[in-house]
Every structure is written in structure tokens, then in C-alpha cells.
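Please look over the sequence and the model shown here. The report after it goes through the structure part by part.

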Amino acid sequence: DPGAADLTVAFADTPLSRWLTAHVHEYGFVISYPEGARAKTCHEFEPWHLRYVGRDIAASISASGVTAREWLLGTRAGTAGGSG
């Protein structure tokens, strides 16, 4: 957003952030550090921090309901995105 100054968690309350949260997976992105997931991502909430993983993987992560980190670790462990 060209009118924005510094990136803060207040970005999450903007229409742009709400749209991104709902649609980034359609374009191959995931939100790296979602709200309420610090224990799972080892990082504070950053609503602007997007990671490109490709459309297929982004759709899988979105459908799984877990964070990108959990999905990737689950895939490595052979659980295909499961959290356990």
C-alpha cells in the first residue's frame, strides 16, 4: 500500500489485509506468521509477511488449517500436512 508508513500488526485491520488473508493462497502465497500461531511458527504475528510456495502447495496448506511451517514439517515427516 503506497500510502502506508511502517508495517505493524495494525495492518491486519485493513481491508487489504483482510483480502490478502482470504485470497493469497489462490495466487500461490501463504501468510508465513499468522495470528495466534507464535508457538507453532516461532515468530510473532506478521500479517504482511507472505511466502510464495506455488498454487498447489498454497491450496494444500490453506485447506489443511495448519501453518505453513507445520505443513512443511508434517510433509517431511510423512504426514502430508497433518499436525501430528
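## Ser32 and its contacts

Leaving out residues up to four places away in sequence, Ser32 touches Thr41, His49, Leu50 and Arg51. Ser32 belongs to strand β1. The residue counts as buried because its relative accessibility is 5%, and buried means under 20%. The structure is a predicted model, and every value in this report was computed from that model.

Apart from residues up to four places away in sequence, Thr41 touches Ser32, Tyr33, Pro34, Thr67 and Arg69. A polar atom of the Thr41 side chain also lies 3.1 Å from the backbone oxygen of His43.

Cys42 is in the loop between α2 and β2. Its phi is positive, about 65°, although Cys42 is not a glycine. Most residues other than glycine have a negative phi.

## Overall layout

How many helices and strands does the protein chain have? The secondary structure comes to four helices and two strands. Read from the N terminus on, the order of the elements is α-β-α-β-α-α.

The protein chain has 84 residues, and buried residues make up 29% of them. Among the contacts in the chain with a separation of 6 or more, 41% are between residues 24 or more positions apart.

## Confidence of the prediction

The average pLDDT of the protein chain is 85, and 83% of the residues score at least 70.

## Ile61 in helix α3

Ile61 lies in helix α3. Is Ile61 buried or exposed? Its relative accessibility is 5%, so Ile61 counts as buried.

## His23 in helix α1

His23 has its place in helix α1. With a relative accessible area of 25%, His23 is partly exposed. His23 and Ser62 are 39 residues apart in sequence, and their C-alpha atoms are 9.8 Å apart in space.

## The largest pocket

The largest pocket holds about 430 Å³ of space. Its lining consists of 23 residues, and those nearest its centre are Thr21, Val30, Ile31, Pro34 and Val66. Which elements give two or more residues to this lining? They are α1 (15–23), β1, α3 and α4.

## Aromatic pairs

A pair of aromatic rings is described by the distance of the centres and the angle of the planes. A search of the whole structure finds two such pairs. In one of them, Trp19 and Tyr27 are tilted, with 6.1 Å from centre to centre and 40° between the planes. Trp19 is partly exposed, at 40% relative accessibility, and Tyr27 is also partly exposed, at 43%.

Phe29 and Tyr52 form an edge-to-face pair, with 5.1 Å from centre to centre and 70° between the planes. The angle counts as edge-to-face because it is over 60 degrees. Which strands hold Phe29 and Tyr52? Phe29 lies in strand β1 (residues 29–33) and Tyr52 in strand β2 (residues 46–52), so the pair ties together parts that are 23 residues apart in sequence. Phe29 is partly exposed, with a relative accessible area of 30%, whereas Tyr52 counts as exposed at 55% relative accessibility.

Terms used: Residues are numbered from 1 along each chain as its sequence is written. This is a predicted model: local features need pLDDT of at least 70, side-chain atom pairs count only at pLDDT 80 or more; totals for chains, interfaces and linings use all residues. Side-chain values use heavy atoms; hydrogens and water are left out. pLDDT is the predictor's confidence in each residue, from 0 to 100. Rings of Phe, Tyr and Trp (its six-membered ring) pair if their centres lie within 6.5 Å; planes under 30 degrees apart count as stacked, over 60 as edge-to-face and the rest as tilted. Buried means under 20% relative accessible area, exposed over 50%, partly exposed in between (1.4 Å probe, protein chains only). A polar contact is a pair of N or O atoms within 3.5 Å; within protein, one must be able to donate a hydrogen and the other to accept it, and residues adjacent in sequence count only if both atoms are side-chain atoms. Contact means heavy atoms within 4.5 Å. On a 1 Å grid over the protein atoms alone, a cavity is a set of points where a 1.4 Å probe fits but cannot get out, and a pocket is an open set with protein on both sides within 12 Å along at least five of seven lines; lining residues have an atom within 4 Å of a point. Grid points are joined across faces, edges and corners, and a volume is the space filled by probe spheres set on the points.
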